Amino acid sequence: MKRLLSLVALLLMLCASAIAKDFTLASPNGKLKVTVNVDKTITYEVNFNGQQLLAPSQISMTVGKGETWGVGSKLTKAISGVRNATIKAQNYKKAVVKDQCNMLLFLFKGFSLEFRAYDEGVAYRFSGSKKPLNVINEQADMNYASDFESLVPYVRESGDITKQFHNSFENTYTSTRLSGLKDGQLIFLPYIVKADNGVKIVVSESDVENYPGMFVQKGSKANTLKATFAPFPKTVKQGGHNELEQLVTETENYITVAKPLQQFPWRIISVSADDKDILNNDMVFRLASPSRLADASWMKPGKVAWDWWNDWGLYKVPFKAGINTETYKYYIDFAAKHGIEYVILDEGWAVNKKADLFQVVPEIDLKAIVDYGKQKGVGIILWAGYKAFDRDMERVCKTYSAMGVKGYKVDFINRNDAEVMNFLYKAAETCAKYKQVLDFHGICPPTGLTRTWPNVINFEGVDGQENDKWSTIKQYDQVQYDVTVPFARNFAGPMDYTQGAMLNGTHDTFHPSNSEPMSQGTRCHQLAEYVIFISPLNMLCDSPTHYEAEPECTEFIAGIPTVWDETVPLKSEVGEYVAVARRKGAKWYVGALTNWTPRDLTLDLSPLKVAGKSAIVFKDGVNAEKFAQDYEKTTLTIPADGKVTVHLAPGGGVALEI
């Protein structure tokens, strides 16, 4: 009898082994391979040029009353396919995006799972059942092949994980081995892992609709990061910054209620053998849902004359500068003179702590400001707290669009649970109805929404230049951040970093100030950021008074495009220096930044085919190491071989217009 039972057990094991299958999917160029194992669980591993990056990593979703997709699930069919398409992009770093990949679709009883392999990376997503159901959790483990170095942005908050879920998604990057990551501390996306042989892995997500954004944290296994999601809010209360936030006080036992046949977010593992290629990666954009804006002809990206960073810092004017009608008319005059498309009325135009966008302070005649902007060809954008905008969204959009307001900067959202992500889509659709743009602040980095609703023209989710108003270099090393963030945060999409300072400090002379803020690094570092950073709604952070005193720099900033037809990354190294070229029409712009290390950088512009062309060059002055505002404007003819060598001062930069 024992022998018979042993034979039955052996046969069962052999049957199970026969059912288990490995499926291999390669990128079009064959360099990137993902192997998916479908057995009692679902795991995947990623290899690049024969080098293992991710060891087998388990994925699953727990739904309904405890069913787990990916554990004991029955595979009914596996379908392979090829995708070869192009996407016409709007408000992006290029006009056309290639969408070429190999695909593998797994059909299970009750759900499906799709993998795609691009030359730039691997992505996968689950898709749901025919009926609505609660999603309890998602398992998205990433078991790295070794104890690689990582660059991660922790959430600033610490302690209990429920407190960490409420954060502004702003922090610098911590460099540490995977084994050295903090236990229990949330990391938001994107983050970078440095594998062997110079390979970089950038992890992000796309198409996050009716679903929370993903955090990761250190897993229980060595070299593993695991996904973590904020639960769906059950009750919220008004509070936080000036009573403008919505604070979660109680949560459900699920992360979202999925709609019938809902497609869940794409999990993106991008792979680059050369750091510069990260700068031209399109994974987040191409995997987002197509545009839902039937008519986008009214959409207008551009630059913004901004008030808050410079503390309404006008002087040599015959009126008291501040939050008042005269000040904003001056900003409008400045914008009109320089062809700047917008002026923003930042926090303070509405009565404080009321969360009511129809209670305007008496110093502001909003209609007069909007009408004056119309006369001058300058659009007005209004700052709005999350609670204030959410409570009266339809009325706000209808009323202020009729007045002529062009859009809103919605701030202090500070969450990425499913309720908030749904708010982003609702706000985008409502504003599109009234032909208005949106700039989301206090929110996670974008996850493709700017493709789906192109009137969402910018996102914060970046530890931007505002920090210079209150932080020392030890607290916030902006220059180091600037040569890291293009490879990480900007990977996800546009970012409202707010550059353009005309007061600049060296490592020794920089100091924080609220009313006379300065940037870290040189003047040309600031100018180059308008080329390096992707920001379709781009701020001029400094005072019109300072810009008028610096006509050469102001002309360059005011004239540079904010969206592009083509991007060509140049030689770059994460955390050291970054260089990129971008084209709009027949004109090329080239920018380069360095960290605090001075360097001579040779830019190979031969891919641009600009040999013999004339270039205007803004470069660090000979005394920029001591006086950060020192720069030289000159011209040069691009040589036949296309190679241009420039010297970058500590914290320096260079910008070319060809």
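**Cavities and pockets**

1. In this predicted model, the second largest cavity holds about 90 Å³ of space. Its lining comprises 14 residues, and those closest to the centre are Leu 189, Glu 205, Cys 444, Pro 445 and Thr 447. By class, the lining of this second largest cavity divides into nine nonpolar, four polar and one charged residues.

2. The structure contains four cavities of 30 Å³ or more. The volume of the largest cavity is about 130 Å³. Among its 17 lining residues, Tyr 92, Thr 450, Ala 492, Gly 493 and Pro 494 lie nearest the centre.

3. At least two residues of the lining of the largest cavity come from each of α3 (283-287), β28 (456-459) and α11 (489-492). The largest share, three residues, is supplied by α11. The lining of the largest cavity has ten nonpolar, six polar and one charged residues.

4. Two or more lining residues are given by each of β7 (96-108), β22 (266-272) and β32 (566-569), and β32 provides the largest share, four residues. By class, the lining of the largest pocket has ten nonpolar, five polar and twelve charged residues.

5. Of its 28 lining residues, Glu 170, Asp 411, Phe 412, Glu 460 and Glu 466 are the closest to the centre. This lining consists of six nonpolar, eleven polar and eleven charged residues.

Definitions and conventions. Residues are numbered from 1 along each chain as its sequence is written. This is a predicted model: local features need pLDDT of at least 70, side-chain atom pairs count only at pLDDT 80 or more; totals for chains, interfaces and linings use all residues. Side-chain values use heavy atoms; hydrogens and water are left out. Ala, Val, Leu, Ile, Met, Phe, Trp, Tyr, Cys and Pro count as nonpolar, Asp, Glu, Lys and Arg as charged, and the others, Gly among them, as polar. On a 1 Å grid over the protein atoms alone, a cavity is a set of points where a 1.4 Å probe fits but cannot get out, and a pocket is an open set with protein on both sides within 12 Å along at least five of seven lines; lining residues have an atom within 4 Å of a point. Grid points are joined across faces, edges and corners, and a volume is the space filled by probe spheres set on the points.
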